[in-house]
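Q: Please take a close look at one helix of this model. Describe how it is built, which way it faces and what lies against it.

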Amino acid sequence: MKKILKFLMVVMFLVGCAKNKDITKPIEKLNIELSTQISTYDIDMSAYNNMTAYNHQFLGLSPDEFLKVEDVKATGIFMFGFNRCHACQKAVSNLNEVAKTYDLKVYYIDCYSKVYPFQPKYEQIIEKIGKILSLGEDKKPALFTPEVIAIKNGEIVDHHSGIPQADGELNDQQIQELKDHYQKLFESLRTK
């Protein structure tokens, strides 16, 4: 009986030590202050998969406020999306997880907001970000969602559009690929 007990204790010790080897170095936080020159609002994200109403990393941003980003030299991650967008449904929770690791908020522009209409500002927004966008059927820049943009001091430094191609749900490899893209966006904000 004592031998079995000793054996179990050794196995538990070794398993515990093996798990400790898997601990990765935490991501160094980004010291970015949110701009006080653009107005945000609390946004309910509960229409997205795996999200709660207000316990998340997103701040609502109206199209008018987004148009000020360049002038006020704001820095941050900006997402264009809407909750009926199939790809956005898959993107939001993954972007939220990455944002939490950096302890940074994401500015969210709802393309179908009833409170802050997007359509009247569409052409102005396209003028601001058109150089990074894919072309639509009319061969002009078009905003496809989800569009996630890293902006540093008012200038676009990187972006990622869409999600990995998937039939149905994203698999673990596709989720990691998406998170890696988002992590790259956050890292592009780091002061070098």
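This is a predicted model: local features need pLDDT of at least 70, side-chain atom pairs count only at pLDDT 80 or more; totals for chains, interfaces and linings use all residues.

A: Helices (H or I, at least four residues) and strands (E, at least two) are DSSP runs, numbered from the N terminus. The expected span of a helix is 1.5 Å times one less than its number of residues. Residues are numbered from 1 along each chain as its sequence is written, and side-chain values use heavy atoms, with hydrogens and water left out.

The helix in question is α5, with 16 residues. From first C-alpha to last, α5 reaches 22 Å, close to the 22 Å expected at 1.5 Å a residue. At its start, a side-chain oxygen of N171 comes to within 3.0 Å of the backbone nitrogen of Q173.

Buried means under 20% relative accessible area, exposed over 50%, and partly exposed in between (1.4 Å probe, protein chains only). The buried residues of α5 are Q174, L178, K179, Y182, L185 and F186. Seen down the axis, they fall within an arc of 135 degrees (taken from the directions from the helix axis to the C-beta atoms), so they line one face of the helix. The face turned away from that side carries the exposed residues D172, Q173 and K184.

The cover over the buried residues of α5 includes β3, α3, β4, β5 and β6 (155-161).

Key:
Contact means heavy atoms within 4.5 Å. A polar contact is a pair of N or O atoms within 3.5 Å; within protein, one must be able to donate a hydrogen and the other to accept it, and residues adjacent in sequence count only if both atoms are side-chain atoms.
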